[in-house]
Amino acid sequence: MTHNASPPSPTRRTRGIMLLVLAILGLAGAVFVLRRPLMMSAPACVAGRWHGCFDTFNGVVLLTLAALPLAALVVWALARGRRTAGVMSAGRISLAEVGMVYGTVPFLWMTLMPGGEAGTVPARVSLVPLRDLATMGPIGIGGNLLIFAALGFFAPMRFTAAASVPRVLALGAGCSVLVETAQYVLRLDRVSSVDDVLVNATGAVLAALASRRWWRTTTQAPADRPHPTPAPAR
């Protein structure tokens, strides 16, 4: 007798549960590490004050974490409505739509947050590639990688037109150019740098590669249309 049978692979539901558990553990670990700086903005956020909450990184992160249950509820409601309408992959589509917004808007808010001398100092531009990377530091580079990471991760899962690495690169670079242009026009006391565009686009591509096993199937079989029911035989 030959023993060529491979062990059964885990189901999609099991993999989804494992990914959800890992995501919850990662989020809990991040909250534990950042609990002290986040609590510094908690009184201002609870009181609804702009200063100390909406104009600080800690406040924006705290509000983003507080809005996580609401985002999960929106995903559930969208997925339930799509399943009722007969849309295939309703959960994946709904998660991608909410994930793009939930994971991108807070980083855009922090990126467009004005500096201490906004409106008074002249706008600054750096067009020499790789010159500003040394001044960013690990935290700056990591933050820039995350700005459009959610967009790069979820956009190919939702839109078949974005389901390729060059298109995700173009999407991340284009959105980053718009952000840098807004920083320059609004004179937010920030440097509009070509290195920011490069790092932001790289973050989008890396995130897209991480979700490739899901958006590749979306490219092969678009599932955002209701599945027609066969007519009864006469």
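The model is predicted. The protein chain contains 11 helices and two strands, and 30% of its 234 residues count as buried.

**Overall fold**

- Among contacts between residues at least 6 apart in sequence, 73% join residues at least 24 apart.

**Helix 4 and helix 6**

- Helix 4 covers residues 57–66 and helix 6 covers residues 90–111; the two pack at an angle of about 165°, and their axes are 10 Å apart.
- Because of this angle, helix 4 is roughly antiparallel to helix 6, an angle over 145 degrees being counted in that class.
- The crossing of these two helices, helix 4 and helix 6, is right-handed.
- On the side of helix 4, the contact is made by Phe-57, Val-60, Val-61, Thr-64 and Leu-65; on the side of helix 6, Tyr-102, Pro-106, Trp-109 and Met-110 take part.
- Sorted by class, the residues in the contact of helix 4 with helix 6 are eight nonpolar and one polar, with no charged residues.

**Helix 8 and helix 10**

- The axes of helix 8 and helix 10 come within 7 Å of each other and cross at roughly 40°.
- Helix 8 is therefore oblique to helix 10, since an angle must be under 35 degrees to count as roughly parallel.
- The crossing of helix 8 and helix 10 is right-handed.
- Helix 8 contributes Ala-149, Gly-152, Phe-153 and Pro-156 to the contact, and these meet Gly-203, Ala-204, Ala-207, Ala-208 and Ala-210 of helix 10.
- By class, the contact of helix 8 with helix 10 has seven nonpolar residues, two polar residues and no charged residues.

**Two buried residues**

- Ser-211 is placed in the loop between helix 10 (194–210) and helix 11 (212–220).
- The relative accessible area of Ser-211 is 0%, so Ser-211 counts as buried, the limit for that class being under 20%.
- Leaving aside residues up to four places away in sequence, Ser-211 touches Gly-152, Phe-153 and Met-157.
- Ile-93 lies in helix 6, and with a relative accessibility of 5% Ile-93 is likewise counted as buried.
- Between Ile-93 and Met-157 there are 64 residues of separation in sequence, while their C-alpha atoms are 7.1 Å apart in space.

**Aromatic residues**

- A pair of aromatic rings is described by the distance of the centres and the angle of the planes.
- The structure holds four aromatic pairs.
- In one of them, the ring centres of Phe-153 and Trp-214 are 6.3 Å apart and the ring planes stand at 50°, so this pair is tilted.
- Phe-153 belongs to helix 8 (residues 149–158) and Trp-214 to helix 11, so the pair ties together parts that are 61 residues apart in sequence.
- Phe-153 has a relative accessibility of 23% and counts as partly exposed; Trp-214, at 26%, also counts as partly exposed.
- One aromatic cluster is formed by Trp-50, Phe-54 and Trp-109; Trp-109 is also one of the residues of helix 6 in the contact with helix 4.

Note on methods:
Residues are numbered from 1 along each chain as its sequence is written. This is a predicted model: local features need pLDDT of at least 70, side-chain atom pairs count only at pLDDT 80 or more; totals for chains, interfaces and linings use all residues. Side-chain values use heavy atoms; hydrogens and water are left out. Axes are lines fitted to C-alpha atoms, for helices over the stretch in contact, and angles run from 0 to 180 degrees between N-to-C directions. Helices (H or I, at least four residues) and strands (E, at least two) are DSSP runs, numbered from the N terminus. Angles under 35 degrees count as roughly parallel, over 145 as roughly antiparallel, 65 to 115 as roughly perpendicular and the rest as oblique. A crossing is left-handed if the near helix is turned anticlockwise from the far one by less than a right angle, and right-handed if clockwise. Contact means heavy atoms within 4.5 Å. Ala, Val, Leu, Ile, Met, Phe, Trp, Tyr, Cys and Pro count as nonpolar, Asp, Glu, Lys and Arg as charged, and the others, Gly among them, as polar. Buried means under 20% relative accessible area, exposed over 50%, partly exposed in between (1.4 Å probe, protein chains only). Rings of Phe, Tyr and Trp (its six-membered ring) pair if their centres lie within 6.5 Å; planes under 30 degrees apart count as stacked, over 60 as edge-to-face and the rest as tilted.
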